[in-house]
Amino acid sequence: MGAPAPAVDAASGFGANAAPEKGIPTVVVSADRNLILTAKIDMRSKDPWATSDRAQAIANGLGGDVLNLTQSGSGDTRSASLTIRVPSSRFADALQQLRTLEGEVETSGVSAQDVTDQFVDLQARLTAKQAEEQRYLAILNRANTIDEILKVDASLANVRTQIEQLTGQINSIKQRTDFSTISMSISTIAVLPGDTTTKAWDPAKTVTRALAALGAMLQVFADVVIWLLVFGWLPLLALAAAVFVTRARRPTAPPAPTV
């Protein structure tokens, strides 16, 4: 049986699991709140580029997109950073799928900004300005003089400007609440010393190592021959000197007596 879902914060409409799996929090959001959801994940992977590519595929599969992507380095120093955007209704699904990525999560965090009150206030102000616009239009239809028309038209233009500003603010908040962003930083995972992971036998590498060992042995043999050629005559010279000294010191036999 799975763990029970975490309670939702009544003030923010947002909850996070206290014991996240693979370091990425599990979130529960309230559908009746306007929340700007964001997440930040720092992780390590054997191949950061491939991991970032899979993160992009997750975003696209959930109906989102990639806002930015950077892949740098080479070999064991590769790294990647990206920001993906997914529909807020699929935010929890995105985090769940990101947990399946190969690698280790170092740090992660999820935040929610509740803009429900701000959104409701903007909508109320927009409704009031739209009603004011209709009143000015009615007055404009009853205006009889050019002066009255100009005054009403100026007031109407001012109200319409405010309506456009309020509409822009509402659309901006709606876009940020409809889509959630997830920022990821991926670095290369370090290989621990003494790693005893079993690797497949590679004959080519074995031949290369054998040839390297043979070359080293031949080099040692050649060095020995050179040393013998250069200094090998010294023992012979010492032996010859010893023989000469021995003969020089040997006493001369006396001559035989004459009869």
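**A walk through the model**

Ile58 touches Ala94, Gln97, Leu98 and Leu101, leaving aside residues up to four places away in sequence; contact here means heavy atoms within 4.5 Å. This is a predicted model, where local features need pLDDT of at least 70, side-chain atom pairs count only at pLDDT 80 or more, and totals for chains, interfaces and linings use all residues. Residues are numbered from 1 along each chain as its sequence is written, and side-chain values use heavy atoms, with hydrogens and water left out.

Me: Is Ile58 buried or exposed?
Reply: Start with where it sits: Ile58 is found in helix α1 (residues 48-61). Helices (H or I, at least four residues) and strands (E, at least two) are DSSP runs, numbered from the N terminus. Buried means under 20% relative accessible area, exposed over 50%, and partly exposed in between, with a 1.4 Å probe and protein chains only. Ile58 has 10% relative accessibility, so it counts as buried.

Me: How far apart are the C-alpha atoms of Ile58 and Asp93?
Reply: Along the chain, Ile58 and Asp93 are 35 residues apart.

Me: Why do the buried residues of α2 line one face of the helix?
Reply: Helix α2 covers residues 91-98, and its Phe91, Ala94, Leu95 and Leu98 are buried. Seen down the axis of α2, these buried residues line one face because they fall within a limited arc, taken from the directions from the helix axis to the C-beta atoms. That arc is 95 degrees.

Me: Which residues does Leu69 touch, not counting residues up to four places away in sequence?
Reply: Leu69 has its place in strand β4 (residues 65-72), and at 36% relative accessibility it counts as partly exposed. From Leu69 to Ala80 is 11 residues in sequence and 7.4 Å in space, C-alpha to C-alpha. The residues that Leu69 touches are Ser52, Gln56, Ser81 and Leu82.

Me: How many residues apart in sequence are the parts that Glu104 and Arg44 tie together?
Reply: The structure holds 12 salt bridges, each a side-chain nitrogen of Lys or Arg within 4 Å of a carboxyl oxygen of Asp or Glu. One of them joins the side chains of Glu104 and Arg44 at 2.7 Å, N to O. Glu104 lies in strand β6 (residues 104-114) and Arg44 in strand β3 (residues 35-45), so the parts tied together are apart in sequence by 60 residues.

Me: What is the relative accessible area of Glu133?
Reply: The side chains of Glu133 and Arg160 meet in a salt bridge of 2.9 Å, N to O. This pair links distant parts of the chain, with Glu133 in helix α3 (residues 116-142) and Arg160 in helix α4 (residues 146-178), 27 residues apart. Arg160 is partly exposed at 37%. Glu133 is buried, and its relative accessible area is 15%.

Me: Where do Lys174 and Asp178 both lie?
Reply: Their side chains meet in a salt bridge at 3.0 Å, N to O. Lys174 and Asp178 are four residues apart, about one turn of the helix, and both lie in α4.
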